[in-house]
Number of protein chains: 2
Amino acid sequence: MEEQNKKILLVEDDPNFGTVLKDYLMMNDYDVVHAKNGMEGFEKFKKDDYDLCILDVMMPYKDGFTLAKEIREKNTDVPIIFLTAKAMKEDVLKGYKVGADDYLNKPFDSEVLLMKIKAIMQRKATDSVVDSKQFEFKIGRFDLNSKLRFLKFDGGKPIKLSPKENELLRLLALHENDLMPRELALTKIWRDDNYFTSRSMDVYIAKLRKYLKPDAKVEILNIHGEGFRLVINGGES
Amino acid sequence: MEEQNKKILLVEDDPNFGTVLKDYLMMNDYDVVHAKNGMEGFEKFKKDDYDLCILDVMMPYKDGFTLAKEIREKNTDVPIIFLTAKAMKEDVLKGYKVGADDYLNKPFDSEVLLMKIKAIMQRKATDSVVDSKQFEFKIGRFDLNSKLRFLKFDGGKPIKLSPKENELLRLLALHENDLMPRELALTKIWRDDNYFTSRSMDVYIAKLRKYLKPDAKVEILNIHGEGFRLVINGGES
DNA sequence: CCTTTTGTTAATGTAAGGTTAAACATAATT
DNA sequence: AATTATGTTTAACCTTACATTAACAAAAGG
């Protein structure tokens with residue numbers, strides 16, 4: 001069974017450095033798509049599925065952070081590595097807030113980059129249900145389409161969901177009838193687990209409950225101190 | 001929901017730096033155990049469960065890499081961050097080979113470290129769910145689901161259990177028909193064995209008895225001075 | 001008996017969750 | 001550029017859930 005090479009999106013405006021890096025990665029059995037700026041990077045990202053993004057921070061038209069944010073809106077899971085010439089602390093922090101997996105200062109050693117890539121890919125490999133690519137769910141009399149972000153009741157007109165509403169409901173659906181730990185949603189969706197994100201999540205739970213009200217059999221239950229449970233009553237025989 | 005603080009094992013031989021770092025981490029709501037060298041670090045590691053290890057590379061008696069290898073033998077999952085004074089490439093590679101999650105050069109910015117810790121914990125949050133212990137029990141005509149914390153009688157509507165109720169009943173169920181020593185519950189659940197926790201436990205025993213009343217065959221018996229016994233009468237012919 | 005241990009109920013204090021609205025931020029439209 | 005719409009966070013306030021403690025009653029066991 002010939003297993004597929006991992007796909008990397010490399011966004012780097014310096015043509016020399018970019019090409020060298022691309023070749024080096026390809027020599028190491030990665031499929032690399034090279035975009036020359038943030039704009040192009042985002043276009044390419046939308047067109048395909050990638051296992052990893054390597055983004056230069058300083059680029060014309062669209063810098064790495066802005067690009068990362070756009071990428072995150074479409075995909076909460078792809079690992080992102082930032083490349084940067086200068087080691088400014090603010091940048092590093094900004095990067096982690098956007099959900100960076102790692103941060104490298106140029107010039108860096110290519111072997112080190114390879115190691116980091118390997119380590120990140122390995123971590124991804126062990127991730128469970130949560131990163132599943134399932135985007136459609138039946139929730140009682142509702143249909144959730146998580147890719148298009150809408151919820152339909154009895155096949156009626158779709159209700160549009162905001163990104164946060166959508167991801168939260170999707171996480172709940174992935175754990176249907178089971179515990180969806182608070183911490184999981186906070187780290188996966190809000191990327192931080194503190195008092196405020198926690199309160200924010202409660203607000204979203206309230207919104208979802210309102211959406212789901214039309215089907216009395218569908219409930220979001222709280223398990224005090226643990227998390228929430230999406231239950232469909234009379235669901236299984 | 002500020003649940004249990006994350007536990008960090010910090011192994012750092014420089015007493016000043018180590019203490020400062022420990023205090024800083026504790027201020028940020030981590031429980032930190034500080035070991036002064038590799039030997040001590042491994043002892044402490046064996047004695048407890050940690051969510052993260054931060055290891056200095058250069059230490060007397062046992063360096064960070066050797067320690068990391070030993071730790072990996074016992075636990076393939078704990079994230080490890082290395083601290084090192086000099087930025088030698090070989091070291092970095094060696095670290096990644098041992099399964100490092102990250103690598104920081106001293107001096108580093110403490111905020112950056114915090115961000116890295118958060119990022120790593122987030123990644124780990126995903127696969128923590130996998131724990132495969134026993135969480136479901138049949139107790140006479142009751143069903144206990146210890147993960148979702150509820151108790152069902154004859155498949156009726158579930159009664160919600162509080163965390164303490166739940167854990168206590170689970171412990172009893174694990175020792176069904178056998179002695180469940182007082183001391184065991186107190187150390188496992190209350191993490192302290194004194195007059196007050198003991199009284200508290202009695203209160204919970206009373207609550208459980210009330211829950212279990214519907215099935216006359218199920219009883220929690222006291223063994224004076226020893227502990228309790230969950231018995232199912234006529235259970236095994 | 002009479003001291004120690006256990007049983008039970010109620011009162012208290014704290015933490016977590018629910019709900020709503022206002023504030024803030026950002027994108028979309030004019 | 002100004003205005004509207006949309007999405008998210010923060011704040012405030014209220015309710016519920018939990019755990020501990022106190023108080024008193026009842027058994028157990030020397």
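I began with the surface near DNA strand D, whose residues divide into ten nonpolar, six polar and six charged. I count Ala, Val, Leu, Ile, Met, Phe, Trp, Tyr, Cys and Pro as nonpolar, Asp, Glu, Lys and Arg as charged, and the others, Gly among them, as polar.

I note that this is a predicted model, in which local features need pLDDT of at least 70 and side-chain atom pairs count only at pLDDT 80 or more, while totals for chains, interfaces and linings use all residues. Residues are numbered from 1 along each chain as its sequence is written, chains are lettered from A and ligands numbered from 1 in the order in which they are written, and side-chain values use heavy atoms, with hydrogens and water left out.

**Entry 1: DNA strand D**

I looked up the neighbours of DNA strand D and found 22 residues around it, a residue being near a strand if one of its heavy atoms lies within 4 Å of it. The closest are Ser162(A), Trp190(A), Ser162(B), Trp190(B) and Tyr204(B).

The side chain of Tyr204(A) has an N or O atom 3.2 Å from a sugar or linking oxygen of DNA strand D. For Ser200(B), I found a side-chain N or O atom 3.2 Å from a phosphate oxygen of DNA strand D.

The elements that give two or more residues to this surface are helix H6 (163-174) and helix H8 (195-212) of chain A, together with helix H6 (163-174) and helix H8 (195-212) of chain B. Helices (H or I, at least four residues) are DSSP runs, numbered from the N terminus. H8(A) gives the most, with six residues.

**Entry 2: DNA strand C**

I found 22 residues around DNA strand C, of which Arg199(A), Gly225(A), Arg199(B), Arg209(B) and Gly225(B) come nearest. Sugar and phosphate make up 64% of the atoms of DNA strand C that come within 4 Å of the protein. By class, I recorded five nonpolar, six polar and eleven charged residues on this surface.

Phosphate oxygens of DNA strand C lie 3.2 Å from a polar side-chain atom of Arg182(A), 3.0 Å from one of Arg209(A) and 3.1 Å from one of Lys210(B). H8 of chain A and H8 of chain B each supply at least two residues of the surface.

**Entry 3: chain B against chain A**

I looked up the contact (heavy atoms within 4.5 Å), which takes 28 residues from chain B and 35 residues from chain A. The two chains bury about 3,000 Å² between them, 56% of it on carbon and sulfur atoms; this is the accessible area (1.4 Å probe) that two parts lose on being put together, summed over both.

How many salt bridges cross the interface of chain B and chain A? The rule, a side-chain nitrogen of Lys or Arg within 4 Å of a carboxyl oxygen of Asp or Glu, finds four. Lys6(B) forms one with Glu183(A), the closest N and O atoms being 3.4 Å apart.

Definitions and conventions:
A polar contact is a pair of N or O atoms within 3.5 Å; within protein, one must be able to donate a hydrogen and the other to accept it, and residues adjacent in sequence count only if both atoms are side-chain atoms.
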